[in-house]
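Hi everyone, thanks for having me.

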Amino acid sequence: MQRIKENIAKINGLKAAAAEKTGRSGDDILLVGVTKTRSADEINEGIDAGLTDIGENKVQEIMDKYDFVKPVRWHMIGHLQTNKVKYIIDKVSMIHSVDSYKLAEEINKRAGQHGITMDILIQVNSAQEESKFGISMDETEELIRTIIENCANIRIRGLMCIAPFAEDPNDVRIYFAEVKRLYDQYGKIDHERLDFQYLSMGMSHDFEAAIQEGSNLIRVGTAIFGERDYSKQK
Ligand SMILES: *Cc1c(COP(=O)(O)O)cnc(C)c1O
């Protein structure tokens, strides 16, 4: 199957072109391959084709596939229930979806038990969509400050957002721009437990728009692996 390799090459080209429009290079943008519903074989093919980072949105899928996937960095990108943190704390290198202090507290506790520091992103709901997870822009600073003051085993590495779907991704650039503004602002907070390096924005249909608004980490599934069959997801 050449397809996955070709798709990754194509995305790398588009990513570089979008980055250059903002005075950056393609290497400044981390591609996280989103592997939900994909088999370990497909994921390994992606890794052979150059993926260094993969993202899953369900704890169960990480647990089912973890032992069968080649060495790679795992990202938890989906909504995370506090009672499931313990299953992935020693498997993922970053959690993108922290949107409450309660979840941060649990991550902090479990990281402490494993003697590790967990990298997290704060998920911001800039479009204020009722159906999506993420903290509102108004509450983001307070959540960041509460976590850095109280959670010794967590390091906040940046922000994440999921833009609303739009036929024309240019229509949602405003939401990316808003989160980029917060990223620049809160990245200046001087604290040993805050080290902003990742602005996780952009998926298959809108990653070029996201990059043009300052994203440096894109989460791409369909454009790499093809349409998903959700009946394969537990
Ligand atoms: C599924 C998913 C993606 C990837 O979506 P595609 O449209 O397949 O690229 C990105 N981020 C999150 C949080 C997801 O759940």
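Before we look around, one term: a polar contact is a pair of N or O atoms within 3.5 Å. Please also keep in mind that this is a predicted model.

In glycine 221, a polar backbone atom is 2.8 Å from an oxygen atom of the ligand.

Now, the helices. Find α5, residues 101–114, which packs against α6 at about 25°, with the two axes 10 Å apart. Angles under 35 degrees count as roughly parallel, so α5 and α6 are roughly parallel. Their crossing is right-handed. On the α5 side, Tyr101, Ala104 and Asn108 make the contact, and α6 brings Leu143, Thr146, Ile147 and Asn150. Of these residues, four are nonpolar, three are polar and none is charged.

Next, stay with α6, residues 137–150, and look across to α7, residues 173–186: their axes are 11 Å apart, at an angle of about 25°. This pair is therefore roughly parallel, and α6 passes α7 in a right-handed crossing. Which residues of α6 and α7 meet? From α6 come Met137, Thr140, Glu141 and Ile144, and from α7 come Glu178, Arg181, Leu182 and Tyr186. This contact has four nonpolar residues, one polar and three charged.

Methods:
Residues are numbered from 1 along each chain as its sequence is written. This is a predicted model: local features need pLDDT of at least 70, side-chain atom pairs count only at pLDDT 80 or more; totals for chains, interfaces and linings use all residues. Side-chain values use heavy atoms; hydrogens and water are left out. Axes are lines fitted to C-alpha atoms, for helices over the stretch in contact, and angles run from 0 to 180 degrees between N-to-C directions. Helices (H or I, at least four residues) and strands (E, at least two) are DSSP runs, numbered from the N terminus. Angles under 35 degrees count as roughly parallel, over 145 as roughly antiparallel, 65 to 115 as roughly perpendicular and the rest as oblique. A crossing is left-handed if the near helix is turned anticlockwise from the far one by less than a right angle, and right-handed if clockwise. Contact means heavy atoms within 4.5 Å. Ala, Val, Leu, Ile, Met, Phe, Trp, Tyr, Cys and Pro count as nonpolar, Asp, Glu, Lys and Arg as charged, and the others, Gly among them, as polar. A polar contact is a pair of N or O atoms within 3.5 Å; within protein, one must be able to donate a hydrogen and the other to accept it, and residues adjacent in sequence count only if both atoms are side-chain atoms.
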